[in-house]
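I opened this model to record its overall build and a few selected sites. The entries are kept in the order in which I looked things up.

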Amino acid sequence: MNDVVRFESVGLRYGLGPEVLQDVSFSLDSGSFHFLVGASGAGKSSLLRLMYLAQRPSRGYISLFGRDISTTPRHELPGLRRKIGVVFQEFRLLPHLSAFDNVALPLRVVKARESEVKRHVEELLAWVGLKDHMKARPSTLSGGQQQRVAIARAVIAKPKLLLADEPTGNVDDHIAGRLMHLFGELNKLGTSVVIATHNEALVRSSGKRVLKLADGEVRILENIADDDADEFDSVFAADRGRVLL
Amino acid sequence: MKFRLPTRIDWRTPDLPIAQDDTTRFLPWLMAFMVFLAALSIAGMFVLADAARTLDRGIENTITIQVPAGENQRADEERIAGAIAMLKQMPGVAGADVLPRERVVQLLEPWLGSAARSTEIPLPWVIDVQVERANAPKAEMISALLTPYITGVQVDDHGVWLRSLLRAVHSVEWIAIIIVILIAVATAATVVFTTRAGMALHRDTIEVMHFVGAHDAYIARQFAIRASMLGFKGSLIGVALAGPALLLLTMLMGNLGFGLLPQIHLSVGVWLAIATLIPVAAAVAMVTARATVMKSLARMV
């Protein structure tokens, strides 16, 4: 089995509220690249939370890298999480640490040698255009700069699965292009990538497969330019309507 | 839950900003207060243990016989010699000696002053009887043996009241031990609450650290190191305050000069025991903080 992620009849509810995800079933192959789309409130963030082990499902089966997470002992979860890079929508940078230390965090928790940490972090921060902001605290950086620090932190440990929630939401087109190029390069190296986004143009131009989340269920759209064009359009139609109003 | 001491201390900027927490601001002072009380209790325990040993030794040979002085010293000496001979033949008596007159004078001086040395005051004769603890004769038996030969003889079994006093001393010793244990529990509880408050404050950061793959032990280590540093600082202050306080107490007790009160002697052992409070308090803080964090994190996803 070559699945990086497998969901089978997964349901999720918060407390006693209604199910935000119902009978979600899909699998992602190793080295795949997917965009996750859905209307606001469709449950994209909840789905991502399940994938980066921030949340246990209310029901159903989830496996990551071939491990059933419901039977994985708690002390083995960090090992799984180290294979996952996450870019949070709200960045979640540690405010008391510099950009350098934020990006270094995933390497330091695995006790990497400090010389290695320095080399990798400096290289990556330079690559995302933050060479001159290594010592800056997040509060002194712009939204776009913070987002790039968050992305650098997510990819520094060369994860096998990269999950990003609106990673291009706060950057200009040039930086967005560079970031997508970075994700593409990681994908070529074997990292499976899932990017949650509202950016219709970005998804269309990429030609990648799409995970469509609607009514608490997930469908994989293989070809949005042709067979699945209508279904893909329906995701953004509601948003376009809201903009026009 | 297995416990492991941190194998190394990481001195670079901690990932958790606990050093800036308001929640830990008063921890060193609370620790200082606890350690101060613990130091006084430990010193008290040592002094009481010393007193108990002295009393215990007293019980082993504690029968004293007072013989009123007669008009003729020579006749008195003969009677005393006869009494000693009889006593030495009693089962359970290890030895009997008459106390030198100079020693009797010394014993009475605190009450009589220089009058104790006056030849006009008839000082009693005192016979010190060493008895075997397991087989000691009762005071009444000795009294019955001697009374036909010496009128007015008084037999004083120190063991009776010394044993009561010893029981009281041991009780106070236990109370001191319980106080030290309660102080340790209170210290640990303070660390638990402080650590929990710190965790609540940094919940977001802890979550992010989990998401990047940090083990619980990695997170707990940061709290443990911080708690041990604060514990060390606090206990250092506590011991620094307890030292002069104990010296002052010793001086004041020495000035009272009451023969009945045990002499407070702060030996090297006492000071070492008090100094040990510094690493012990730091270790208690570290272990408690670590256990608290590990237990709380186990409830997270």
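**Entry 1: conventions.** I worked from a predicted model, in which local features need pLDDT of at least 70, side-chain atom pairs count only at pLDDT 80 or more, and totals for chains, interfaces and linings use all residues. Residues are numbered from 1 along each chain as its sequence is written, chains are lettered from A and ligands numbered from 1 in the order in which they are written, and side-chain values use heavy atoms, with hydrogens and water left out.

**Entry 2: chain A overall.** I assigned helices (DSSP runs of H or I, at least four residues) and strands (runs of E, at least two), numbered from the N terminus. Chain A has 8 helices and 10 strands. I then compared its radius of gyration, taken over C-alpha atoms, with the globule rule of 2.2 Å times the number of residues to the power 0.38. For 245 residues the rule puts a compact globule near 18 Å, and chain A agrees because its value is 18 Å. The C-alpha trace spans about 50 × 45 × 35 Å along its principal axes.

**Entry 3: burial and surface.** I called a residue buried under 20% relative accessible area, exposed over 50% and partly exposed in between, using a 1.4 Å probe and protein chains only. By that rule 53% of the 245 residues of chain A are buried. I took contact to mean heavy atoms within 4.5 Å. Among contacts in chain A with a separation of 6 or more, 67% come from residues 24 or more positions apart. Accessible areas follow the Shrake-Rupley method with a 1.4 Å probe, and for residues only the protein chains shown count as cover. Chain A exposes about 11100 Å², of which carbon and sulfur atoms supply 49%.

**Entry 4: aromatic pairs.** I paired rings of Phe, Tyr and Trp (its six-membered ring) if their centres lie within 6.5 Å; planes under 30 degrees apart are stacked, over 60 edge-to-face and the rest tilted. The count over all chains is 5 aromatic pairs. In one of them, Y52(A) and F211(B) have ring centres 5.1 Å apart and planes at 70 degrees, so I logged the pair as edge-to-face. Y52(A) sits in the loop between α1 (44-51) and β4 (59-64) of chain A, and F211(B) in helix α6 (residues 203-211) of chain B, so this pair joins two chains. F88(A) and F211(B) have ring centres 5.6 Å apart and planes at 40 degrees, so that pair is tilted. It also crosses between chains, with F88(A) in the loop between β6 (84-87) and α3 (99-108) of chain A. F88(A) is buried at 5% relative accessible area, and F211(B) is buried at 7%.

**Entry 5: helix α1(A).** Because 6 of its 8 residues are buried, α1(A) is largely enclosed by the rest of the structure. Its buried residues are K44(A), S46(A), L47(A), L48(A), L50(A) and M51(A). L53(A), which follows α1(A), has a positive phi near 60 degrees.

**Entry 6: two further sites.** P78(A) lies in helix α2 (residues 77-81) of chain A and is buried at 4% relative accessibility. Not counting residues up to four places away in sequence, P78(A) touches G213(B), A214(B) and H215(B). S98(A), in the loop between β6 and α3 of chain A, is buried at 11% relative accessibility. Leaving aside neighbours within four places in sequence, S98(A) contacts M134(A), K135(A), A136(A) and R137(A).
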